[in-house]
Amino acid sequence: MTTELSPHHHLHGQSFFDHLRRSLENLCAAHTAPPNAESTATTTPPDASPSAPLSQDPVIECTDVVRAYTRGGGRGLFSRNTQATTVTAVDSVSATIDRGELVGIAGPSGSGKSTLLHLLAALETPDSGQITITGTDTASLSERGRTRLRREHVGIVFQRFHLLPSLTATQNVALPLIEHGVGKRDRRARAQTLLEAVGLGDRLTHRPATLSGGEQQRVAVARALAGDPDVVIADEPTGELDSAASETVLDILADVATEHAVVVASHDPAAIERMDRVIRLRDGTRDTDGHA
Ligand SMILES: Nc1ncnc2c1ncn2[C@@H]1O[C@H](COP(=O)(O)OP(=O)(O)OP(=O)(O)O)[C@@H](O)[C@H]1O
């Protein structure tokens, strides 16, 4: 059985993420990307930098968001004409997510958690209402613009880790930094710092198949942090893990939330229990917004 090490082993009187932030600030200063032309089509005031680390503006603002899917209505291989039905997966949801918050999205199966999470991550856009990420309206961007917005501001953690099997832990974490224009040596240094922060300093050259589920998820969290996002969005991050590994991943996400916004959609009562605040969904609408 693999022992799950707590990242807090590595804390030396300060948050490890303070150290991480400083190391990334140094990297970013050396690799500042040119301004995004599409980011002019935003709601950000012209004098505000969308990624200013000390900004008090919400990281994500979601206003009366609706997302519906249409099913059927076609002629299938095994069916005659079927009646089209519309499912409103997310129905008039409003929410604000700030830096320093660990926010849960809870609700029964089919209540709209994944759909809302995809909207908050700019993987999808709403049919109506508005979602802004660090001031940029996600619907105002082209597909490419949304990809760039995600790359610069959003880190995503999936239930099944989605690591590349042929790459080592370090290479998996370093991969997103290629698109940030970070050089090879700096990518490796940054990836190693992140892996040490999540307690995997002794697993740097391991490939995913040789890591436990909890370790793979910690690699996935480190990868999500590689580009120093404003928000980390996690879909059922403990869904595949035993309770000890879940606790470790939740400890790390709570630590990440001291510096970033973190949003976690989960069925897992132990995960929801750890959240600062919970957005509860029922049939796509918001039930309550209270403390878990
Ligand atoms: N791509 C899609 N096409 C059609 N219907 C969809 C699609 N995605 C989601 N839905 C429907 O929207 C509703 C909300 O789904 P969603 O996956 O967001 O819920 P969930 O709370 O994440 O569920 P679970 O906990 O089971 O993952 C469901 O009725 C689902 O069937």
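Helices (H or I, at least four residues) and strands (E, at least two) are DSSP runs, numbered from the N terminus. In those terms, E143 lies in helix α3 (residues 143-153).

The structure is a predicted model, in which local features need pLDDT of at least 70, side-chain atom pairs count only at pLDDT 80 or more, and totals for chains, interfaces and linings use all residues. Residues are numbered from 1 along each chain as its sequence is written.

**Overall composition**

The secondary structure of the chain comes to 8 helices and 10 strands. A residue is termed buried if 20 or more other C-beta atoms lie within 10 Å of its own, exposed if 12 or fewer, and partly exposed in between, with C-beta atoms placed from the backbone. Buried residues account for 41% of the 292 residues in the chain. Two residues are in contact if their C-beta atoms, placed from the backbone, lie within 7 Å. Among contacts between residues at least 6 apart in sequence, 72% join residues at least 24 apart.

E143 is exposed, because 8 other C-beta atoms lie within 10 Å. The C-alpha atoms of E143 and E124 are separated by 9.5 Å, the two residues being 19 residues apart along the chain.

**Strand pairing**

Two strands pair if DSSP finds at least two bridges between them.

| Strand pair | Sense | Bridges | Residues opposite each other |
|---|---|---|---|
| β3 and β8 (residues 261-265) | parallel | 4 bridges | L102 and V262 |
| β4 (residues 128-133) and β5 | antiparallel | 2 bridges | T132 and D137 |

Strand β3 (residues 102-106) is mostly covered, with 5 of its 5 residues buried. Both of its faces are covered: L102, G104 and A106 are buried on one side, and V103 and I105 on the other.

Four strands form an open sheet in the order β2-β1-β4-β5, with antiparallel pairing. β2 and β5 (136-137) stand at the edges with a single partner strand each, so one side of each has no neighbour in the sheet.

A nonpolar core is a set of buried Ala, Val, Leu, Ile, Met, Phe, Trp, Tyr and Cys residues joined through C-beta atoms within 7 Å. The largest such core has 67 residues, and L120, V221, L253, V262 and V263 have the most contacts inside it. Leaving aside residues up to four places away in sequence, L253 touches L102, V221, A234, P237, V262 and V264.

In helix α4 (residues 169-179), the buried residues are A169, T170, N172, V173, A174 and L177. Their cover includes α5 (184-197) and α6 (213-225). G181 follows α4 and has a positive phi, near 75°.

**Ligand surroundings**

A residue is near a molecule or strand if its C-beta atom, placed from the backbone, lies within 6 Å of it. Of the 13 residues around the ligand, Y69, A89, S109, S114 and T115 come nearest. At least two residues of this shell are supplied by each of β1 (60-71), β2 (85-97) and α2 (113-120), and α2 gives the most, with 3 residues. The shell divides into 3 nonpolar, 8 polar and 2 charged residues. Here Ala, Val, Leu, Ile, Met, Phe, Trp, Tyr, Cys and Pro count as nonpolar, Asp, Glu, Lys and Arg as charged, and the others, Gly among them, as polar.
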